[in-house]
Amino acid sequence: MLPLKEKDKPIVQKLLSAGCCARCVLRFCCVSVQAAYRKPPQVRLILHEEHVFPPQPAAHWSLIAKLEAGPSEEDAAAAVKLKDEESRVCVVCLGILQDLCGPAQALKVCTVKAEKYEFDTLVLSVSLPAQLCVREHSCWLHVKKELREKSIAVDRDDLIQVKEAFKWIMQGLVAKELGGVSLFEVSVEFTYPETDSVFTRMAVVKALEKIADAKFLKHYPSPPAQPTSSCIPQDVQCLHMSVFVAGRYNKFCRSLPQTPWVIDGERRMESSVEELIAAPVLSSFRSDGFNFSSSGREDVDVRTLGNGRPFAMELLNPHRSRLSRAEMKQLQETINKSSDKIRVRDLQIVTREAMSRMKEGEEEKTKSYTALIWTLKPIQREDITFIDDIKDLTLDQKTPLRVLHRRALAVRQRVIHSMNTRFLDSHHFYLGLKTQAGTYIKEFVHGDFGRTKPNLCELLRTDTDILELDVESVDVDWPPSIPE
């Protein structure tokens with residue numbers, strides 16, 4: 001039995017007579033029981049028997065049961081007639097909920113097996129031709145009057161959409177064939193060549209919302225005319241939702257940029273932190289591409305020491321979505337053995353939402369540095385000791401000249417929370433700093449032609465410059481530390 005009521009009978013008859021397939025009949029009757037749509041296409045026979053032909057008394061069998069038991073000549077003839085009707089392309093869904101929706105089509109969709117994706121859950125997306133919107137609107141107008149006369153309170157929005165019915169039928173079949181049900185998306189696209197046009201599906205939907213019923217019926221038949229062909233399935237597209245990998249990196253080289261360094265179309269450095277990390281990760285996850293981000297960035301001539309700088313990678317369309325703890329550890333070792341210029345730690349898979357914690361630290365957290373300072377005027381140890389006592393020094397930093405080509409001109413206030421000094425000789429000393437994230441250290445040291453105030457030149461009353469700079473710590477408590 002199908003989940004239809006006596007009040008649905010005239011609607012069923014009207015829709016079947018118009019040339020609708022059984023599943024579209026269920027849709028227009030607002031049947032939301034998913035199992036009903038998964039019944040074989042012979043469901044049309046049941047509809048005919050239960051809602052078109054009046055039921056027989058006591059000895060009544062369903063037509064399907066009769067067929068299984070061995071049909072009579074009359075039943076066989078009726079079945080042949082209904083089979084012929086069923087073979088016609090549906091006037092509303094254009095065959096999408098008929099032959100294009102079932103185990104055979106699921107097998108075609110599952111050719112994605114050859115691409116060797118690994119996943120846990122499946123998302124099935126469907127793209128339908130705009131022609132379906134017009135035909136559905138036409139059929140809705142065809143039954144609307146009947147609904148009003150029967151005082152059946154149904155609105156167009158209550159109808160089950162073709163896309164939903166298709167997913168209800170196909171999702172389980174595809175998942176079963178693929179052996180797993182990791183967010184993996186299989187996209188199935190249908191086209192209808194007879195009415196391909198420049199109008200998008202959304203444009204057609206909006207036009208149908210505005211057009212008056214009378215005007216629509218003046219230009220388009222209701223119910224829709226019998227189509228001469230069905231929709232055509234296009235190539236199946238596969239897309240695995242992004243996987244996010246995070247960790248911390250150290251950079252030990254003073255001639256290695258964080259990202260590929262290209263100026264005027266010409267590459268200046270042979271590699272980068274990003275590329276040294278990405279190559280093994282892409283290989284392990286069999287990903288099509290990636291987006292790299294980090295909690296701030298160091299200049300090409302700056303080392304990153306201590307516990308490293310947090311980074312994250314968005315892996316695009318990965319064919320593998322998960323690695324075991326042992327595999328992640330092995331991947332980390334592979335990265336570390338590939339070059340002596342960098343090292344990663346705490347490598348792990350994270351969620352998209354967790355990545356926001358890394359970005360929060362770019363402006364809100366503190367960072368610690370060690371700089372090797374040169375002074376023009378000879379100095380003594382006691383000349384720099386006063387710097388150790390300076391706390392929470394507020395700087396006004398105009399956008400540095402060296403980054404003005406990529407950052408807006410502005411004056412930004414930054415705070416140096418504390419400093420300490422270590423005397424080397426009459427022209428050199430080490431300066432340790434703990435600062436607000438986003439502070440330009442080099443500009444604080446040499447003043448950037450007065451664009452950063454106060455600066456170290458003013459404090460020492462001599463020209464100063466920075467010879468070496470190391471990032472000692474980035475105080476962002478993310479990603480979680482993983483014991484070695």
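Me: Which residues in α8 meet which residues in α10?
Reply: On the α8 side they are Leu132, Cys133, Val134 and His137, and on the α10 side Arg201, Val204, Val205 and Leu208. By class, this contact has 6 nonpolar, 1 polar and 1 charged residues. Please keep in mind that the model is predicted.

Me: What makes α8 roughly parallel to α10?
Reply: The angle decides it. Helix α8 packs against helix α10 (residues 201-210) at about 25°, with the axes 8 Å apart. Angles under 35 degrees count as roughly parallel, so α8 is roughly parallel to α10. As for handedness, α8 passes α10 in a right-handed crossing.

Me: And why is α1 called roughly antiparallel to α8?
Reply: The axes of α1 and helix α8 (residues 131-149) come within 10 Å and cross at roughly 155°. An angle over 145 degrees counts as roughly antiparallel, and therefore α1 is roughly antiparallel to α8. The crossing of α1 past α8 is right-handed.

Me: Which residues meet where α1 contacts α8?
Reply: From α1 come Pro10, Ile11, Lys14, Leu15 and Ala18, and they meet Cys139, His142, Val143, Glu146 and Leu147 in α8. The residues of this contact divide into 7 nonpolar, 1 polar and 2 charged.

Me: Which residues are buried in α1, and what follows the helix?
Reply: In α1 (residues 9-18), the buried residues are Lys9, Ile11, Val12, Leu15, Leu16 and Ala18. After α1 comes Gly19, with a positive phi near 105°.

Me: What makes the phi of Cys30 and the phi of Leu94 worth a look?
Reply: Each is a positive value in a residue other than glycine: phi is near 60° for Cys30 and near 55° for Leu94. For background, most residues other than glycine have a negative phi. Cys30 is in the loop between α2 (22-28) and α3 (34-37), while Leu94 is in the loop between α6 (73-87) and α7 (103-109).

Me: Is Leu94 buried or exposed, and how do you know?
Reply: Its relative accessible area is 0%. The cut-off for buried is under 20%, so Leu94 is buried.

Me: Why is Cys30 called partly exposed?
Reply: Cys30 has a relative accessible area of 25%. Buried means under 20% and exposed over 50%, with partly exposed in between, so Cys30 is partly exposed.

Me: Why does Cys101 count as buried?
Reply: Cys101 has 4% relative accessibility, which is set against a cut-off of under 20%, so Cys101 counts as buried. Cys101 is in the loop between α6 and α7. Leaving out residues up to four places away in sequence, Cys101 touches Arg23, Ile96, Phe166, Ile169 and Met170. Cys101 and Ala165 are 64 residues apart in sequence, yet 9.6 Å apart in space, C-alpha to C-alpha.

Me: Which residues touch the most other members of the largest nonpolar core?
Reply: They are Ile96, Leu97, Phe166 and Phe190, in a core of 62 residues. Take Ile96: beyond four places in sequence, Ile96 touches Cys101, Leu128, Pro129, Leu132, Val162, Phe166, Phe190 and Cys231. Another core, of 32 residues, lies apart from the largest one, and among its residues are Tyr369, Ala371, Ile416 and Leu431.

Me: How do you know that Glu314 is buried?
Reply: The relative accessible area of Glu314 is 17%. Under 20% counts as buried, so Glu314 is buried. Glu314 is found in strand β9 (residues 303-316). Not counting residues up to four places away in sequence, Glu314 touches Ser242, Val243, Phe244, Gly289, Phe290, Asn291 and Arg352. The C-alpha atoms of Glu314 and Phe292 are separated by 6.6 Å, and these two residues are 22 apart along the chain.

Definitions and conventions: Residues are numbered from 1 along each chain as its sequence is written. This is a predicted model: local features need pLDDT of at least 70, side-chain atom pairs count only at pLDDT 80 or more; totals for chains, interfaces and linings use all residues. Side-chain values use heavy atoms; hydrogens and water are left out. Buried means under 20% relative accessible area, exposed over 50%, partly exposed in between (1.4 Å probe, protein chains only). Helices (H or I, at least four residues) and strands (E, at least two) are DSSP runs, numbered from the N terminus. Axes are lines fitted to C-alpha atoms, for helices over the stretch in contact, and angles run from 0 to 180 degrees between N-to-C directions. Angles under 35 degrees count as roughly parallel, over 145 as roughly antiparallel, 65 to 115 as roughly perpendicular and the rest as oblique. A crossing is left-handed if the near helix is turned anticlockwise from the far one by less than a right angle, and right-handed if clockwise. Contact means heavy atoms within 4.5 Å. Ala, Val, Leu, Ile, Met, Phe, Trp, Tyr, Cys and Pro count as nonpolar, Asp, Glu, Lys and Arg as charged, and the others, Gly among them, as polar. A nonpolar core is a set of buried Ala, Val, Leu, Ile, Met, Phe, Trp, Tyr and Cys residues joined through side-chain atoms within 4.5 Å.
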